[in-house]
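Open your viewer and get ready to click along.

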Amino acid sequence: MRRTLEARRDAGQQEPRPWKTRALAELSAARARMLRMLEGLPEDALIRQHSPLMSPIVWDVVHVANQEERWLLRALGAPALTDAAFDALYDAFRHPRATRSQLPLLTPERALAYAARVREASLEWLERLPEDSDAPLLRGGFVHGMVAQHEQQHLETLAATLQLMTSHVYRPTARPRPSPGRAAQYEVFIPGGPVRLGSDAPWAYDNERPAHVVEVADFLMDSHPVTNGDYLVFVESGGYADARWWEPKGFEWIASEGIRHPLFWLPQEDGTWLRRRFGHVEPLPRDEPVQHVSWYEADAYARWAGKRLPTEAEWEKAAVGSDGRPRTYPWGDMRPSEAHANLGGDTWGPSPVGSYPAGQSADGVWGLLGDVWEWTSSTFDGYVGFNAFPYREYSEVFFGTDYRVLRGGAWASAPVAVRNSFRNWDYPIRRQIFAGFRCARGTR
């Protein structure tokens, strides 16, 4: 990029006001992370289809940049850099992931050049935009927050692709994770009553809106996510062979696929367990949250343990706290830091449970944000008063009983894309995502 907002500010031009400053920071953080993740990958790794569940990496690079062109340039009145045919090539709804390697995609060199060109143009256009506009896309910098979150969400998808990659060894340099002593698992009583769900904050997505109040009955929530060690007991006690614990569709699915343990676990002849993580095969760490389990697996474990998965209303009440004070994050309104949660992707894996005392909720629930996404029992739908914005394909087309809601974000999620109200969703069979769970139960 030839010039940035900082360079113009140094030259004596007007300093950006709050949302522009944040937009610049978040867009820059996302792009820097992308380049770090791609560094050292050969061209074949960038263009290869590593799994039918995932796009070729180079498709994601251009898709992210094309979304930026469409929303931070064209939608805001800037000249187009590409055309409708180019949009169609990188439209996620036109081309299933399993077929994208067959498309006439840009080469990695041209893909990165396009992404850089779009970013330079969008930052130049950003300077011309009014800080105090009441236009829906610009109010509070909504559309810039949407694009920054979208890029970071695709970088989490990229991390899942790299974990699935077997044609090349990917061994990233990871920021050290805490190594506390084993944290005791216990249940936290969450008193019933009203809870404010959702958010009307400027960068909240449409499926988080409108903020509203619902009633939740008393319940008990696990203090920590279920760990590998916890889950191993279920595996070794024959949980995958016992239909009592499974929804019928889930049991049929694991039987047809021959699934007997979480994805990437490696049982050994001597009875020990290993796991594969980004090119490493290592002993299974018993004190980390279990990840790469489907909703069916999470639900079966909860039944086996005499519990259930929390509803998303229960999950959000546990995150917000039962004292009635609104909070953006379990610990309050301060944006996430390394002291609060394992987020941002630089650790390349979950931390042992009990690692972030500063991140616990007002009621004493640990680890609600970061480490692993947490499956809930809820299916995905709009809140009462939902209004699709700025396009139906972000949320509305996924509403219904096919998808289950996940909450809380994972180690690969960016801080900008997590908060108490953030809602993720996926099919109940998905295992390549960085998903785990915790259990809950009623008090009667």
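**Stop one: Glu 297 and its neighbours**

Start by selecting Glu 297 and, with it, the residues it contacts (heavy atoms within 4.5 Å): setting aside neighbours within four places in sequence, these are Tyr 231, Tyr 240, Trp 246, Ile 259, His 261, Pro 262, His 292 and Arg 431. Before going further, note that this is a predicted model, where local features need pLDDT of at least 70, side-chain atom pairs count only at pLDDT 80 or more, and totals for chains, interfaces and linings use all residues. Residues are numbered from 1 along each chain as its sequence is written, and side-chain values use heavy atoms, leaving out hydrogens and water.

Now show Tyr 240: its side chain makes a polar contact with the side chain of Glu 297 at 2.5 Å (a pair of N or O atoms within 3.5 Å, one able to donate a hydrogen and the other to accept it). Is Glu 297 buried or exposed? Its relative accessibility is 0%, so Glu 297 counts as buried (under 20% relative accessible area, with a 1.4 Å probe and protein chains only). Colour helix α10, residues 295–304, to see where Glu 297 sits (a helix is a DSSP run of H or I, at least four residues).

**Stop two: the largest pocket**

Next, move to the largest pocket, with about 1,500 Å³ of space. Select Ala 92, Arg 97, His 154, Phe 398 and Trp 425, the closest to its centre of the 45 lining residues. A pocket here is an open set of points on a 1 Å grid where a 1.4 Å probe fits, with protein on both sides within 12 Å along at least five of seven lines; lining residues have an atom within 4 Å of a point. Finish by colouring α7, which gives the largest share of this lining, seven residues.

Methods:
Helix = DSSP H or I, 4+ residues; strand = E, 2+ residues; numbered from the N terminus. Buried < 20%, exposed > 50% of the residue type's maximum accessible area, 1.4 Å probe, protein only. Points joined across faces, edges and corners; volume = space filled by probe spheres on them.
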